[in-house]
Amino acid sequence: MSVQSPPAPERVAQSGAPRPPRRVGFSQKLSRWDVKVSPYLYISPFFIVFAITGLFPLIYTAYVSVYDWALLGGQGEFIGFQNYTDVFGQPMFWRSLRNTFSIFLLSSVPQVLVAIVLAALLDQNLRAKTFWRMGVLLPYVVAPVAVGLIFGRMFADQSGLVNSALGVFGIDPVRWHVDVLASHVAIASMVNFRWTGYNTLIFLAAMQAVPRELYEAAIIDGAGRVRQFFSVTVPQIRATIIFVVLTSTIGGLQIFDEPRVFDPAGRGGGSQQWMTTTLYLYDVGWGTQRDLGRAAAVAWILFIIVVLIGLVNFAVTNRISTSGGGQPSRRQRRAAARSSRRSA
Amino acid sequence: MSSVPMIRQSAGPGAARAAARSSRGKAGGYNRRPGVVTYVLLGIAVLVGLGPIYYTLLLGSSDPAAISQNPLPQLLPDASLFDKFSQVMNSDAFSFWKAFWNSVIISVVTAAATVLFSTLAGFSFAKLNFRGRRPLLVFVIATMAVPTQLGVIPLYIIMAKIGWIGTLQAVIVPALVTAFGVFWMTQYLEEALPYELIEAARVDGASMFRTFWSIAMPAARPAAAMLALFTFVTQWTNFFWPSIVLNQDNPTLPVAVRLLQANYFVDYSLVMAGVFLVTLPLIILFMFAGRQLVAGIMAGAVKG
């Protein structure tokens, strides 16, 4: 039985419409069936779609990865861990891992820091609140591919906007499309461009949930704006910081769009300076190697990395949020101890 | 502190402003107006967001020679931008309008389907009692942390087997309903839909689906609108899977713009004009619904 609704027969009796008993029996049966089956029916689209296009492909990836499986030729012989040895033997794979982590760090750390500061600025009694909030969110509607193309031009090695801006300060042109670290900075800036505003609003929402009395208390204690930020705001939104880091990890380790369009060739640069692991996966499967078996091995390796990092994140989140729970009560505890001492 | 709006109602905006000013006077009081520095910093942040979009227009209205000599060929976009637009729309490399309509179809269908299926599931999870409800909901939430994007290889093999390579349904079907959508609607309906309404409908003899359609669906409208918006934006900007499964005869806009880059890399002004055309529909959407997007992100953050 689902909702605490009265059973069907009563309903018929109330309405007083005399109907042939067989028909009542049928509609009653139908109604009971409706109540029993509907909940499952309504949640089934998600489970069906997820099973067919999410879960099954993920598991099947492991199966494909132990076969010789060409893009055009299809399934070949069982070859055990040959694909994995091949992948581990390709220097490109290791370079892609390094690039992925480097770009991920360069994008997530500054992004979280800037987003928190912007959120603190927005979390004031501003004029035209909605305007500022929409203003920081605008880059979110620009597609990553578009961002990649725009920034690819801004970070052009010759006659790029960034390099000529640096030239104004007497800094030599940076070879954004040649140097490893420079290319990572350029790609990370694309990610930051699109996501900083989004995360700012998440932090802003968390900040607005901080009890205002904490700020009042801090002000009475003589804390200035900066001190309030570090002693009240940041500790109070710690759970949200971890949430943002977690979601940006899952996305950041699979980054593809921006590095794909950073140059017209789309293969991560002349010596794969900015080839990320997902781009490498694409290159193995559909690009130069056209080997789905090997690409599946890459996918499975990356999957395990993402899940492992997710679990580590989860463990850290759990510990911090449970230890954080006791914190605001410290003053209460002390007060309680004081009063018990007094009464003793 | 909440007294200021109240004063505005009872004594007019002048008195409200005075009250606000007096509360601002209290040293560091929370409701005081921030100083100029705050506005300057926020202004810089907004300009950093606007700059690259504006820069797209500048490059789009120049010619390749000017771009290669001067990174800032002009300070204002001009009418030649429209020539570039028409050149992009009549490109030989791909059919712009086909890409445009493909993007529209994919985004609209997935947004509508996600809203319908997520609201159905949310109604069920939030308001109906059935065996296994809790564990199933936990399972849905857990799948949000699973990088399903990494299942592309078998997904591609499946699509090849059933002959869907290069077709729109290959992009639409995997995106029909998302874990995020189900979670989002469950959260919303738990609070927004009173049990009494459902009971009343049931007493009146409405079937389960009728109850969903006439009671839950209207109650879910604000959250459903936000979910539709986010799904639309996500699909409009989606690139990885479409770039694998679609081909250049039948692309979406992001796939098309990549084709533009590969084919016209010598003429960057064309590429930039294309980039702007891809972005424009979402900028228009943002002008009308940006407020809802902001509210949606902030509401999701508190619950999530």
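Some housekeeping. Residues are numbered from 1 along each chain as its sequence is written, and chains are lettered from A and ligands numbered from 1 in the order in which they are written. Since the model is predicted, local features need pLDDT of at least 70 and side-chain atom pairs count only at pLDDT 80 or more, while totals for chains, interfaces and linings use all residues.

I will start with chain A. Its domain assignment gives domain 1, residues 9–64, and domain 2, residues 85–324; such bounds come from an automatic or database domain assignment. The C-alpha centres of the two domains lie 43 Å apart. Four residues of domain 1 and six residues of domain 2 make the contact between them, where contact means C-beta atoms, placed from the backbone, within 7 Å. On the domain 1 side, three of these residues are nonpolar, one is polar and none is charged. For the classes, Ala, Val, Leu, Ile, Met, Phe, Trp, Tyr, Cys and Pro count as nonpolar, Asp, Glu, Lys and Arg as charged, and the others, Gly among them, as polar.

One residue to look at is A:Val37, in helix α2, residues 21–64 of chain A. Helices here are DSSP runs of H or I with at least four residues, strands are runs of E with at least two, and both are numbered from the N terminus. A:Val37 and A:Ile237 are 200 residues apart in sequence and 42 Å apart in space, C-alpha to C-alpha.

Next, the core. The largest nonpolar core has 162 residues, and A:Phe46, A:Ala146, A:Val298 and A:Ala299 touch the most other members. Both domains of chain A give residues to this core, so it lies between them. A nonpolar core is a set of buried Ala, Val, Leu, Ile, Met, Phe, Trp, Tyr and Cys residues joined through C-beta atoms within 7 Å. Leaving out residues up to four places away in sequence, A:Val298 touches several residues, including A:Val87, A:Phe93 and A:Tyr280.

Chain A also has a hairpin, formed by β1 and β2 with three residues between them. The strands, residues 67–70 and 74–78, run antiparallel and are joined by three bridges; strands pair if DSSP finds at least two bridges between them. A:Tyr67 has A:Phe78 as its bridge partner in β2.

Now chain B, which has 15 helices and zero strands. Of its 304 residues, 43% count as buried. B:Ser91 sits in the loop between α4 (80–89) and α5 (96–127). With 18 other C-beta atoms within 10 Å, B:Ser91 is partly exposed. Beyond its neighbours within four places in sequence, B:Ser91 is in contact with B:Phe96 and B:Leu260.

Last, the two chains together. Here 91 residues of chain B are in contact with 85 residues of chain A. The largest share of the chain B side, 16 residues, comes from helix α15, residues 268–303. That side has 63 nonpolar, 21 polar and seven charged residues.

How values were computed: A residue is buried if 20 or more other C-beta atoms lie within 10 Å of its own, exposed if 12 or fewer, and partly exposed in between; C-beta atoms are placed from the backbone. Two residues are in contact if their C-beta atoms, placed from the backbone, lie within 7 Å.
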